[in-house]
Amino acid sequence: EDGGPDPETFCGHGRGGMGEEVKRKEDQRFITGRGNYVDDIKKPGMLHCEILRSPHAHARIKNIDKSRALDVDGVVAVLTADDLLEHGLATMPTLMADTQDVLVNDKVKFQSQEVAAVIATDRYTAKDGAQKVVVDYEVLDPVVDAHKALEEDAPLIRDDIEGQTDNHCLDWETGDEEATAKVFDEADVTVKEQMLYQRLHPAPIETCGAVGDYDPGKDKLTVHMTSQAPHIHRTLFSQVAGIPEHKVRIVSPDVGGGFGNKVPIYPGYVVAAAASVVLEKPVKWVEERSENIQSTGFARDYDMTGELAATKDGKIQAVRTHVLANHGAYNAVAQPSKFPAGFFNIFTGSYDIDTAYGSLTAAYTNTAPGGVAYRCSFRVTEAVYLIERMVKVLADELGMDPAEIRRKNFIPPEKFPYKSPTGWNYDSGDYEKALDLALEMADYDAYREEQQRRIDEDADKLLGIGISSFTEVVGAGPGKTCDIAGVEMFDSADIRVHPNGSATVRVGVQTQGQGHETTFAQIVAEELGMDVEDITVEHGDTDTDPYGLGTYGSRSTPVAGAAAAVAARKVREKAKTIAANELEASEDDVTWDRETGEFHLIGAPDRSITITEIAAGAYMNHPAGEEPGLEAVDYYDPPEMTYPFGSYIVVVEVDRETGEVEFEKFVAVDDCGNRINPMIIEGQIHGGLAQGIGTAMLEHVTYDDNGNVTGGDFMNYLLPTSMEIPEFETGYTVTPSPHHPIGAKGVGESPTVGSPPAIVNAVVDAMAHAGIKHIEMPMTPDRVWEKLDEAGLAI
Ligand code: CDP
């Protein structure tokens, strides 16, 4: 009712409200070793589960002999598809309604697929047992490359789907094909480039795991699991197992990073839960690192062709793109049901482009299933990469400065709310302001001069300057357009103020390290005038928390953050009635002061009452005709998504002798609307930029032609370490979201989404004067050197 905090003036008022750098409440337990992760859970009589995985990528199972495994002392059970079939659990639905084997029934479709589960008294015995299971495979030809999978003579992977005669998974299109073709036909200039957004793995520090804990006394199944979305997981568990939802409890304790990897349901979770029901004992399953990389949800794997049509002076008139997506063995992408290509159709980015067309073909391959939103909103990362790379390609074609061409094409501030040609409704933005700040921070003009000097002097190390001015789309719902398995993507908060004036806030989202226990408390502190220290935030338990759709795609702040603010305002409404009663005044004569956090009589600020006094009144002296207590719940269905944005500028040195790339400067200017906790945002940006560097420079899940995962462990899947990470210089602008109750947008994924194209643009920029237009990620020294060689720049 008061429009929320004003970004110009809010400062937390010293109580830890919006805008204050409150230290993370959860860090006390994390840094003193008191976190409680799934693998910390120990139950009396708990058994351990080890999964036997297929060494082959494509093979028919002729026979499984469990006898020698069952002979191992301590092995309690060996489960195969046949055993699960008895309980109706042999298959499970993916988030895209495909049917995935829990344990392979008939045919293996990717290397490391789950074949059998061995349950034993301890983990080592379970592993010994798994090594004693004898599986007779008939090895089939695999196909791992999406292009080859669509060739006529490719081996058929999904012979389990009726009527499926090839490896074609789905087609999708967006925009106006005819109108776009016309603009391209008539354009002064067109550019085209093919680029692979390689297969990545989210690689959280904690791998996936679960403890199934069935209580036969209460006939209730509790599953402690590494879940980014406990409530929807409960719904799916209930559907698959045929157990009513009130008999299933999902507890997601501390989660050591998720990044989208912990959104899908994996066979290990199902096996641990099923084994617990059958054996009536707690069963723990925790995967190893290589199991995590090789079998759980990967990200990206989009082979994209981008095209731009423009005028001679650099005004972009149309975008066209085609994608070949590798979906792996099942259609198990993790995105809202109605978006088969996620939010890829935001590929017009930050630019005011009237005409666009995009199409996509997805193929099945003998690789692990996935397509999860790795620190991103459902393929926005691929879209941002495409458009930000293409703008650089166009700038080079026209000989224009990449900052200048962006400025010329940005959606101007006065055009917001802005409707994109593919149907997105951008809430607010001021792109030029963010770019200008980034250019200034990066000392852009000086670096351009230095770049030219090095070219003129034939220096050994070339300089490249890359820009990315990205727009994000975060905060799914609205529920009518976004759902997961039919459940609308709203979110929730439940606030209870206790008689002594402290409060418990329960939310439907699930933190995995983002600091929700602090920032959600700050929102409530701001809206109720409470001290942040007096507020506890709880999440991750479906028995006690309100239903929510979980944390991924930076949706927590836009959706559950909004719910927290609205629930707090509902509490405030009631608090006002109680305040009037306590002050012996009419409600119309009472007002709330955001700065002091107190209610007072209009015109008499000294006659005021704090939330603590009001809370006491709610329980000890509630007004006649009112319910006692002081609490409220809000289920928030966002009217729209939020559109954070930013400009990143990267300066690199490219060594002409070795192809090595060194970061000289890394500037990141972000705009996430009103900022709840600037310190937490800074941490989010740093972490996300590190992952962007990993993407651009190091990471790739690779396969050989036999379907062996050659990038399936940390020896071969290279994560960035502190050695590869430069100093970041961060800046910000504030453009509040007009529809969000506290004007906030999400921010967690912006740096991962926005930085890879800036880095690639920088490396390309170092060689652009010699005609290089593109280089594929990860930009390893050998790849960079090849490009230097191609351009005649190598020494
Ligand atoms: O959904 P997820 O928590 O991953 O992403 P987010 O909503 O972007 O939030 C990441 C962290 O940054 C949370 O602790 C947020 O509360 C915080 N944040 C903030 O302080 N101010 C914003 N405007 C947005 C996020």
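In strand 7, V118 is the bridge partner of V78. Strand 7 covers residues 114-120 and runs antiparallel to strand 3 (residues 75-79), with 4 bridges joining the two. Two strands pair here if DSSP finds at least two bridges between them. Helices (H or I, at least four residues) and strands (E, at least two) are DSSP runs, numbered from the N terminus. Strand 3 is mostly covered, as 4 of its 5 residues are buried; buried means under 20% relative accessible area, exposed over 50%, and partly exposed in between (1.4 Å probe, protein chains only).

A word on the model before moving on: it is predicted, so local features need pLDDT of at least 70 and side-chain atom pairs count only at pLDDT 80 or more, while totals for chains, interfaces and linings use all residues. Residues are numbered from 1 along each chain as its sequence is written, and side-chain values use heavy atoms, leaving out hydrogens and water.

Now to the ligand. It is surrounded by 23 residues, the closest being Q514, H516, S556, T557 and V747; a residue is near a molecule if one of its heavy atoms lies within 4 Å of it. By class, this shell has 7 nonpolar, 13 polar and 3 charged residues. Helix 14 (516-528), helix 15 (556-583) and helix 17 (678-697) each supply at least two of the shell residues. Domain 1 (12-35 + 491-636) and domain 3 (381-474 + 641-790) each give the shell at least three residues, with bounds from an automatic or database domain assignment.

| Residue and part | Ligand atom | Distance |
|---|---|---|
| H516, side chain | oxygen | 2.7 Å |
| I676, backbone | nitrogen | 3.1 Å |
| N677, backbone | oxygen | 3.0 Å |

Taken alone, the ligand exposes 510 Å², and the protein buries 98% of that; accessible areas come from the Shrake-Rupley method with a 1.4 Å probe.

The backbone deserves a look too. A cis peptide bond joins A476 and G477, with omega about 5°, and the bond from G477 to P478 is cis as well, with omega near 10°. G477 lies in the loop between strand 20 (461-471) and strand 21 (483-484).

D106, although not a glycine, has a positive phi of about 90°. D106 counts as partly exposed because its relative accessibility is 40%. D458 is another non-glycine with a positive phi, about 55°, and is exposed because its relative accessible area is 54%.

Technical notes. Polar contact = N/O pair within 3.5 Å; in protein donor to acceptor, adjacent residues only side chain to side chain. Nonpolar A, V, L, I, M, F, W, Y, C, P; charged D, E, K, R; others polar.
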